[in-house]
Amino acid sequence: MTDLTDIKSFSLKELEEELSAKYSLPKFRARQVYKWLTLGVSTFDEMTDISKELRNNLSKSYYISVAIIEKKLISVYDKTVKYLFRFNDGEFVESVVMHYHHGDTICISTQVGCKMGCTFCATGKSGFSRNLLPSEMLSQIQAAQKDLGIRISNIVLMGMGEPLDNYDNVVKFLRIVSSEESLNIGMRHISLSTCGLVNKIYELEKENFQLTLSVSLHAPNNEIRSRTMPVNKKYPIEDLLKACRHYANVTGRRISFEYAMISGVNDSNACAEELAKKLKGILCHVNLIPVNEVEGTGYKKSKTERQKAFINILGKVGITATVRRTLGSDINASCGQLRRNTITAKNLSV
Ligand code: SAH
Ligand code: SF4
(Lines give C-alpha, C1' and ligand atoms only; values in the text may rest on other atoms or scores of the structure.)
(Ligands and ions follow the chains in the order given, each with its own letter.)
Protein backbone atom coordinates (compact mmCIF):
# COMPACT_ATOMS: atom_id res chain seq x y z
CA MET A 1 0.00 0.00 0.00
CA THR A 2 2.81 2.37 0.87
CA ASP A 3 3.98 3.13 -2.67
CA LEU A 4 0.43 3.66 -3.92
CA THR A 5 -1.16 7.12 -3.93
CA ASP A 6 -4.25 7.93 -1.86
CA ILE A 7 -6.81 8.64 -4.60
CA LYS A 8 -9.61 9.77 -2.27
CA SER A 9 -7.69 12.75 -0.90
CA PHE A 10 -7.84 14.56 -4.26
CA SER A 11 -10.35 17.30 -5.00
CA LEU A 12 -12.16 16.81 -8.32
CA LYS A 13 -9.96 19.41 -9.99
CA GLU A 14 -6.80 17.72 -8.73
CA LEU A 15 -8.01 14.31 -9.90
CA GLU A 16 -8.83 15.71 -13.34
CA GLU A 17 -5.31 17.13 -13.60
CA GLU A 18 -3.70 13.96 -12.23
CA LEU A 19 -5.50 11.56 -14.58
CA SER A 20 -5.01 13.85 -17.53
CA ALA A 21 -1.26 14.09 -16.91
CA LYS A 22 -0.83 10.38 -16.21
CA TYR A 23 -3.17 8.71 -18.67
CA SER A 24 -4.29 11.59 -20.93
CA LEU A 25 -7.82 10.99 -19.71
CA PRO A 26 -10.55 13.52 -20.50
CA LYS A 27 -12.19 15.36 -17.61
CA PHE A 28 -15.42 13.39 -17.81
CA ARG A 29 -13.55 10.15 -17.01
CA ALA A 30 -12.05 11.71 -13.91
CA ARG A 31 -15.55 12.84 -12.95
CA GLN A 32 -16.80 9.25 -13.31
CA VAL A 33 -14.03 7.98 -11.04
CA TYR A 34 -14.72 10.79 -8.56
CA LYS A 35 -18.42 9.91 -8.47
CA TRP A 36 -17.58 6.33 -7.46
CA LEU A 37 -15.14 7.51 -4.82
CA THR A 38 -17.83 9.82 -3.42
CA LEU A 39 -20.29 6.92 -3.34
CA GLY A 40 -17.80 5.14 -1.09
CA VAL A 41 -16.65 2.16 -3.16
CA SER A 42 -13.78 0.21 -1.66
CA THR A 43 -12.33 -1.29 -4.88
CA PHE A 44 -11.75 -0.07 -8.42
CA ASP A 45 -13.67 -3.10 -9.70
CA GLU A 46 -16.90 -1.57 -8.38
CA MET A 47 -16.53 1.28 -10.90
CA THR A 48 -18.67 -0.49 -13.48
CA ASP A 49 -18.80 2.25 -16.11
CA ILE A 50 -14.99 2.40 -16.32
CA SER A 51 -13.12 0.02 -18.65
CA LYS A 52 -11.41 -2.98 -17.13
CA GLU A 53 -8.08 -1.79 -18.49
CA LEU A 54 -8.34 1.58 -16.78
CA ARG A 55 -9.50 -0.02 -13.53
CA ASN A 56 -6.41 -2.23 -13.65
CA ASN A 57 -4.15 0.71 -14.33
CA LEU A 58 -5.67 2.72 -11.51
CA SER A 59 -5.23 -0.11 -9.04
CA LYS A 60 -1.52 -0.28 -9.87
CA SER A 61 -0.98 3.39 -8.95
CA TYR A 62 -3.62 4.22 -6.34
CA TYR A 63 -5.36 2.83 -3.31
CA ILE A 64 -8.82 3.63 -1.96
CA SER A 65 -8.90 4.44 1.74
CA VAL A 66 -11.70 2.71 3.65
CA ALA A 67 -12.99 2.67 7.21
CA ILE A 68 -13.92 -0.86 8.27
CA ILE A 69 -16.35 -1.32 11.15
CA GLU A 70 -14.44 -3.08 13.92
CA LYS A 71 -17.06 -2.51 16.63
CA LYS A 72 -20.48 -0.86 16.71
CA LEU A 73 -22.54 0.10 19.73
CA ILE A 74 -26.12 1.41 19.59
CA SER A 75 -27.72 3.31 22.47
CA VAL A 76 -31.00 1.80 23.64
CA TYR A 77 -32.13 5.28 24.76
CA ASP A 78 -31.70 7.44 21.66
CA LYS A 79 -30.22 5.22 18.92
CA THR A 80 -26.90 7.07 19.01
CA VAL A 81 -24.34 4.87 17.26
CA LYS A 82 -20.71 4.62 18.18
CA TYR A 83 -18.23 3.05 15.76
CA LEU A 84 -14.71 1.86 16.14
CA PHE A 85 -13.27 2.03 12.62
CA ARG A 86 -10.12 0.36 11.32
CA PHE A 87 -8.11 1.90 8.48
CA ASN A 88 -5.97 0.30 5.74
CA ASP A 89 -2.89 0.23 8.01
CA GLY A 90 -4.71 -1.31 10.98
CA GLU A 91 -5.04 1.87 13.10
CA PHE A 92 -8.34 2.54 14.92
CA VAL A 93 -10.45 5.65 15.46
CA GLU A 94 -13.91 6.33 16.84
CA SER A 95 -16.89 8.13 15.32
CA VAL A 96 -20.34 8.75 16.73
CA VAL A 97 -23.62 9.32 14.86
CA MET A 98 -26.30 11.31 16.71
CA HIS A 99 -29.88 11.75 15.54
CA TYR A 100 -31.06 15.32 16.15
CA HIS A 101 -34.27 17.02 15.01
CA HIS A 102 -32.24 19.11 12.59
CA GLY A 103 -30.66 16.02 11.00
CA ASP A 104 -28.18 13.24 11.49
CA THR A 105 -24.84 14.44 12.81
CA ILE A 106 -21.53 12.62 12.80
CA CYS A 107 -18.67 13.30 15.16
CA ILE A 108 -15.47 12.29 13.38
CA SER A 109 -11.85 11.84 14.43
CA THR A 110 -9.00 13.80 12.87
CA GLN A 111 -6.01 11.98 14.36
CA VAL A 112 -5.20 8.55 15.76
CA GLY A 113 -4.73 9.60 19.38
CA CYS A 114 -3.71 13.13 20.39
CA LYS A 115 -0.54 14.90 21.53
CA MET A 116 -2.23 17.47 23.75
CA GLY A 117 -2.55 15.40 26.93
CA CYS A 118 -5.63 17.01 28.53
CA THR A 119 -5.97 15.32 31.92
CA PHE A 120 -9.74 14.61 31.66
CA CYS A 121 -9.65 13.10 28.16
CA ALA A 122 -9.52 9.39 27.27
CA THR A 123 -7.90 10.12 23.89
CA GLY A 124 -5.25 12.30 25.50
CA LYS A 125 -4.35 9.47 27.85
CA SER A 126 -3.57 7.04 25.02
CA GLY A 127 -0.88 9.16 23.36
CA PHE A 128 -0.48 9.97 19.68
CA SER A 129 -0.05 7.63 16.75
CA ARG A 130 -0.56 9.55 13.49
CA ASN A 131 -2.53 12.17 11.59
CA LEU A 132 -5.55 11.14 9.54
CA LEU A 133 -5.61 11.83 5.81
CA PRO A 134 -8.48 13.81 4.23
CA SER A 135 -9.69 10.54 2.68
CA GLU A 136 -9.83 8.87 6.09
CA MET A 137 -12.01 11.64 7.51
CA LEU A 138 -14.30 11.24 4.49
CA SER A 139 -14.32 7.44 4.89
CA GLN A 140 -15.75 7.67 8.42
CA ILE A 141 -18.79 9.54 7.06
CA GLN A 142 -19.23 7.25 4.07
CA ALA A 143 -18.97 4.08 6.16
CA ALA A 144 -21.57 5.34 8.65
CA GLN A 145 -23.94 6.49 5.89
CA LYS A 146 -23.67 3.14 4.16
CA ASP A 147 -24.11 1.11 7.33
CA LEU A 148 -27.12 3.10 8.56
CA GLY A 149 -28.68 3.83 5.17
CA ILE A 150 -28.92 7.55 5.97
CA ARG A 151 -27.63 10.81 4.57
CA ILE A 152 -25.62 12.68 7.18
CA SER A 153 -26.29 16.41 7.19
CA ASN A 154 -23.97 17.76 9.88
CA ILE A 155 -20.36 17.11 10.84
CA VAL A 156 -18.54 17.90 14.05
CA LEU A 157 -14.77 17.54 14.27
CA MET A 158 -14.88 16.56 17.91
CA GLY A 159 -13.76 12.93 17.90
CA MET A 160 -10.26 11.77 18.61
CA GLY A 161 -7.44 14.19 17.95
CA GLU A 162 -6.80 17.92 17.72
CA PRO A 163 -7.98 19.12 14.28
CA LEU A 164 -5.73 22.18 14.21
CA ASP A 165 -2.68 20.00 14.94
CA ASN A 166 -3.43 18.30 11.60
CA TYR A 167 -4.19 21.59 9.90
CA ASP A 168 -3.44 20.94 6.22
CA ASN A 169 -5.27 17.62 6.04
CA VAL A 170 -8.26 18.99 7.95
CA VAL A 171 -8.55 22.06 5.73
CA LYS A 172 -8.28 19.89 2.64
CA PHE A 173 -10.97 17.56 3.99
CA LEU A 174 -13.24 20.56 4.72
CA ARG A 175 -12.87 21.84 1.16
CA ILE A 176 -13.59 18.40 -0.30
CA VAL A 177 -16.54 17.41 1.89
CA SER A 178 -18.27 20.74 1.37
CA SER A 179 -17.83 20.75 -2.41
CA GLU A 180 -20.84 20.08 -4.62
CA GLU A 181 -19.20 17.15 -6.38
CA SER A 182 -18.33 15.42 -3.11
CA LEU A 183 -20.67 14.98 -0.13
CA ASN A 184 -21.85 18.58 -0.44
CA ILE A 185 -22.19 19.20 3.30
CA GLY A 186 -22.10 22.98 3.63
CA MET A 187 -19.68 24.73 6.00
CA ARG A 188 -22.62 26.05 8.00
CA HIS A 189 -23.34 22.44 8.91
CA ILE A 190 -19.80 21.81 10.16
CA SER A 191 -18.24 22.52 13.58
CA LEU A 192 -14.55 22.30 14.38
CA SER A 193 -13.43 21.96 17.97
CA THR A 194 -9.96 22.98 19.18
CA CYS A 195 -8.15 22.97 22.48
CA GLY A 196 -6.76 26.39 21.52
CA LEU A 197 -3.80 26.37 19.13
CA VAL A 198 -3.73 30.14 18.84
CA ASN A 199 -1.49 30.47 15.77
CA LYS A 200 -3.75 28.07 13.87
CA ILE A 201 -6.92 29.94 14.87
CA TYR A 202 -5.50 33.02 13.11
CA GLU A 203 -4.70 30.86 10.09
CA LEU A 204 -8.19 29.34 10.03
CA GLU A 205 -9.70 32.81 10.20
CA LYS A 206 -8.06 33.60 6.86
CA GLU A 207 -9.65 30.58 5.15
CA ASN A 208 -12.96 32.42 5.44
CA PHE A 209 -14.95 29.26 6.17
CA GLN A 210 -18.50 29.67 7.44
CA LEU A 211 -18.09 26.82 9.94
CA THR A 212 -18.67 27.01 13.68
CA LEU A 213 -15.51 27.23 15.74
CA SER A 214 -15.78 25.50 19.11
CA VAL A 215 -13.10 26.28 21.64
CA SER A 216 -12.50 23.90 24.53
CA LEU A 217 -11.97 26.35 27.35
CA HIS A 218 -12.82 24.31 30.46
CA ALA A 219 -11.33 26.85 32.89
CA PRO A 220 -11.53 30.59 33.57
CA ASN A 221 -7.84 31.22 34.31
CA ASN A 222 -4.29 30.05 33.61
CA GLU A 223 -3.84 28.41 36.97
CA ILE A 224 -6.68 25.89 36.52
CA ARG A 225 -6.38 25.60 32.74
CA SER A 226 -2.66 24.76 32.79
CA ARG A 227 -3.34 22.03 35.33
CA THR A 228 -5.95 20.29 33.14
CA MET A 229 -4.84 21.36 29.64
CA PRO A 230 -1.04 21.45 29.09
CA VAL A 231 -1.56 23.40 25.83
CA ASN A 232 -2.36 26.41 28.00
CA LYS A 233 1.31 26.68 29.01
CA LYS A 234 2.18 27.44 25.40
CA TYR A 235 -0.90 29.53 24.59
CA PRO A 236 -2.19 31.22 27.77
CA ILE A 237 -5.87 32.03 28.12
CA GLU A 238 -5.41 35.78 27.43
CA ASP A 239 -3.84 35.02 24.03
CA LEU A 240 -6.50 32.42 23.27
CA LEU A 241 -9.40 34.75 24.09
CA LYS A 242 -7.80 37.55 22.09
CA ALA A 243 -7.64 35.21 19.07
CA CYS A 244 -11.27 34.17 19.64
CA ARG A 245 -12.44 37.78 19.84
CA HIS A 246 -10.56 38.54 16.63
CA TYR A 247 -11.98 35.44 14.91
CA ALA A 248 -15.56 36.33 15.82
CA ASN A 249 -15.11 39.96 14.73
CA VAL A 250 -13.55 39.10 11.38
CA THR A 251 -15.79 36.16 10.43
CA GLY A 252 -19.00 37.37 12.08
CA ARG A 253 -19.45 33.81 13.37
CA ARG A 254 -20.37 33.12 16.99
CA ILE A 255 -17.72 31.13 18.90
CA SER A 256 -18.93 28.17 20.88
CA PHE A 257 -16.99 27.76 24.13
CA GLU A 258 -16.98 24.26 25.58
CA TYR A 259 -16.78 24.03 29.36
CA ALA A 260 -16.64 20.54 30.90
CA MET A 261 -17.75 20.97 34.50
CA ILE A 262 -15.58 19.03 36.94
CA SER A 263 -16.69 18.90 40.54
CA GLY A 264 -14.44 20.96 42.81
CA VAL A 265 -12.01 21.83 40.00
CA ASN A 266 -13.61 24.51 37.79
CA ASP A 267 -17.23 24.82 38.93
CA SER A 268 -17.25 27.36 41.78
CA ASN A 269 -19.17 30.66 41.64
CA ALA A 270 -15.81 32.42 41.58
CA CYS A 271 -14.91 30.47 38.42
CA ALA A 272 -18.22 31.48 36.81
CA GLU A 273 -17.67 35.16 37.73
CA GLU A 274 -14.16 35.11 36.29
CA LEU A 275 -15.40 33.40 33.12
CA ALA A 276 -18.20 35.95 32.69
CA LYS A 277 -15.72 38.80 33.04
CA LYS A 278 -13.33 37.34 30.47
CA LEU A 279 -15.93 36.40 27.86
CA LYS A 280 -17.91 39.62 28.13
CA GLY A 281 -18.25 41.28 24.73
CA ILE A 282 -17.18 38.25 22.67
CA LEU A 283 -19.81 37.02 20.18
CA CYS A 284 -20.19 33.60 21.77
CA HIS A 285 -22.24 30.86 23.36
CA VAL A 286 -21.14 28.65 26.26
CA ASN A 287 -21.80 24.90 26.22
CA LEU A 288 -21.67 23.43 29.70
CA ILE A 289 -20.88 19.71 29.64
CA PRO A 290 -21.03 17.53 32.72
CA VAL A 291 -17.56 15.96 32.54
CA ASN A 292 -17.49 12.39 31.37
CA GLU A 293 -15.97 10.39 34.16
CA VAL A 294 -13.00 8.71 32.50
CA GLU A 295 -11.42 5.88 34.45
CA GLY A 296 -8.15 6.80 36.09
CA THR A 297 -8.71 10.57 36.09
CA GLY A 298 -10.49 10.80 39.44
CA TYR A 299 -12.69 13.60 38.05
CA LYS A 300 -16.37 13.70 38.98
CA LYS A 301 -19.33 15.46 37.31
CA SER A 302 -20.52 18.71 38.85
CA LYS A 303 -23.93 18.79 40.52
CA THR A 304 -26.89 20.15 38.51
CA GLU A 305 -27.06 23.06 40.94
CA ARG A 306 -23.57 24.18 39.75
CA GLN A 307 -24.73 24.23 36.12
CA LYS A 308 -27.65 26.48 37.08
CA ALA A 309 -25.32 28.86 38.93
CA PHE A 310 -23.09 29.15 35.84
CA ILE A 311 -26.06 29.82 33.56
CA ASN A 312 -27.25 32.61 35.90
CA ILE A 313 -23.88 34.25 36.37
CA LEU A 314 -23.02 34.18 32.66
CA GLY A 315 -26.53 35.37 31.80
CA LYS A 316 -25.99 38.53 33.86
CA VAL A 317 -23.36 39.74 31.37
CA GLY A 318 -25.48 38.73 28.39
CA ILE A 319 -23.77 35.42 27.62
CA THR A 320 -26.08 32.52 26.85
CA ALA A 321 -25.06 29.19 28.28
CA THR A 322 -26.78 25.85 27.90
CA VAL A 323 -26.12 22.38 29.22
CA ARG A 324 -25.33 20.02 26.41
CA ARG A 325 -27.79 17.17 26.08
CA THR A 326 -25.99 13.91 26.67
CA LEU A 327 -26.71 11.42 23.92
CA GLY A 328 -25.82 7.76 24.04
CA SER A 329 -25.06 7.85 27.73
CA ASP A 330 -25.20 4.05 27.91
CA ILE A 331 -22.62 3.53 25.16
CA ASN A 332 -20.65 6.70 25.51
CA ALA A 333 -17.74 7.06 27.82
CA SER A 334 -16.25 9.97 25.86
CA CYS A 335 -14.39 9.45 22.62
CA GLY A 336 -11.18 7.52 22.98
CA GLN A 337 -12.42 4.92 25.42
CA LEU A 338 -13.50 2.31 22.89
CA ARG A 339 -10.14 2.42 21.15
CA ARG A 340 -8.32 2.42 24.45
CA ASN A 341 -10.20 -0.63 25.69
CA THR A 342 -9.65 -2.47 22.41
CA ILE A 343 -5.95 -1.77 22.40
CA THR A 344 -5.62 -2.79 26.04
CA ALA A 345 -7.53 -5.99 25.33
CA LYS A 346 -5.29 -6.75 22.34
CA ASN A 347 -2.17 -6.10 24.37
CA LEU A 348 -3.40 -8.45 27.06
CA SER A 349 -4.03 -11.25 24.60
CA VAL A 350 -0.49 -11.31 23.18
N1 SAH B 1 -9.13 18.14 20.39
C2 SAH B 1 -10.29 18.91 20.19
C3 SAH B 1 -11.46 18.14 19.66
C4 SAH B 1 -11.66 16.76 20.17
S5 SAH B 1 -12.15 16.63 21.85
C6 SAH B 1 -10.66 19.66 21.46
O7 SAH B 1 -10.08 19.36 22.49
O8 SAH B 1 -11.48 20.54 21.38
C9 SAH B 1 -13.88 17.07 21.74
C10 SAH B 1 -14.45 17.71 22.98
O11 SAH B 1 -14.60 16.76 24.03
C12 SAH B 1 -13.58 18.82 23.53
O13 SAH B 1 -14.37 19.92 23.89
C14 SAH B 1 -12.96 18.17 24.74
O15 SAH B 1 -12.50 19.09 25.66
C16 SAH B 1 -14.13 17.33 25.23
N17 SAH B 1 -13.79 16.29 26.18
C18 SAH B 1 -12.71 15.48 26.19
N19 SAH B 1 -12.78 14.64 27.26
C20 SAH B 1 -13.91 14.93 27.91
C21 SAH B 1 -14.54 14.43 29.09
N22 SAH B 1 -13.99 13.45 29.80
N23 SAH B 1 -15.72 14.97 29.46
C24 SAH B 1 -16.29 15.97 28.75
N25 SAH B 1 -15.75 16.49 27.64
C26 SAH B 1 -14.57 15.99 27.23
FE1 SF4 C 1 -6.65 16.06 22.54
FE2 SF4 C 1 -9.00 17.34 22.59
FE3 SF4 C 1 -8.54 15.20 24.16
FE4 SF4 C 1 -7.31 17.49 24.69
S5 SF4 C 1 -9.53 17.13 24.76
S6 SF4 C 1 -6.34 15.46 24.67
S7 SF4 C 1 -6.95 18.28 22.65
S8 SF4 C 1 -8.63 15.22 21.95
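**The ligand shell and the fold around it**

In this predicted model, the shell of residues around ligand 1 draws on two strands in particular: β10 (190-194) and β12 (255-261) each contribute at least two residues to it. The shell holds 18 residues, and those that come nearest to the ligand are G161, S193, S216, H218 and N292.

Individual atom pairs show how the protein meets the ligand. A polar side-chain atom of S193 lies 2.6 Å from an oxygen atom of ligand 1. T194 approaches through its backbone, where an N or O atom lies 3.4 Å from an oxygen atom of the ligand. At G161, a backbone N or O atom is likewise involved, at 2.9 Å from a nitrogen atom of ligand 1. How much of the ligand surface does the protein bury? Taken alone, ligand 1 exposes 530 Å², and the protein buries 90% of that area.

The protein contains 13 helices and 14 strands. Its radius of gyration is 21 Å, close to the 20 Å that the globule rule gives for 350 residues, so the protein is as compact as a globular protein of that length. Along its principal axes, the C-alpha trace spans about 70 × 50 × 40 Å.

The interior and the surface can be described in turn. Of the 350 residues, 55% count as buried. Contacts between residues at least 6 apart in sequence join, in 67% of cases, residues that are at least 24 apart.

S65 is placed in the loop between β2 (62-63) and β3 (68-74). Leaving aside residues up to four places away in sequence, S65 touches D6, K8, N88, S135, E136 and S139. With S139 there is also a polar contact between the two side chains, at 3.0 Å.

Methods. Residues are numbered from 1 along each chain as its sequence is written. Chains are lettered from A and ligands numbered from 1 in the order in which they are written. This is a predicted model: local features need pLDDT of at least 70, side-chain atom pairs count only at pLDDT 80 or more; totals for chains, interfaces and linings use all residues. Side-chain values use heavy atoms; hydrogens and water are left out. A residue is near a molecule or strand if one of its heavy atoms lies within 4 Å of it. A polar contact is a pair of N or O atoms within 3.5 Å; within protein, one must be able to donate a hydrogen and the other to accept it, and residues adjacent in sequence count only if both atoms are side-chain atoms. Accessible areas come from the Shrake-Rupley method with a 1.4 Å probe; for residues, only the protein chains shown count as cover. Helices (H or I, at least four residues) and strands (E, at least two) are DSSP runs, numbered from the N terminus. The radius of gyration is taken over C-alpha atoms; the globule rule is 2.2 Å times the number of residues to the power 0.38. Buried means under 20% relative accessible area, exposed over 50%, partly exposed in between (1.4 Å probe, protein chains only). Contact means heavy atoms within 4.5 Å.
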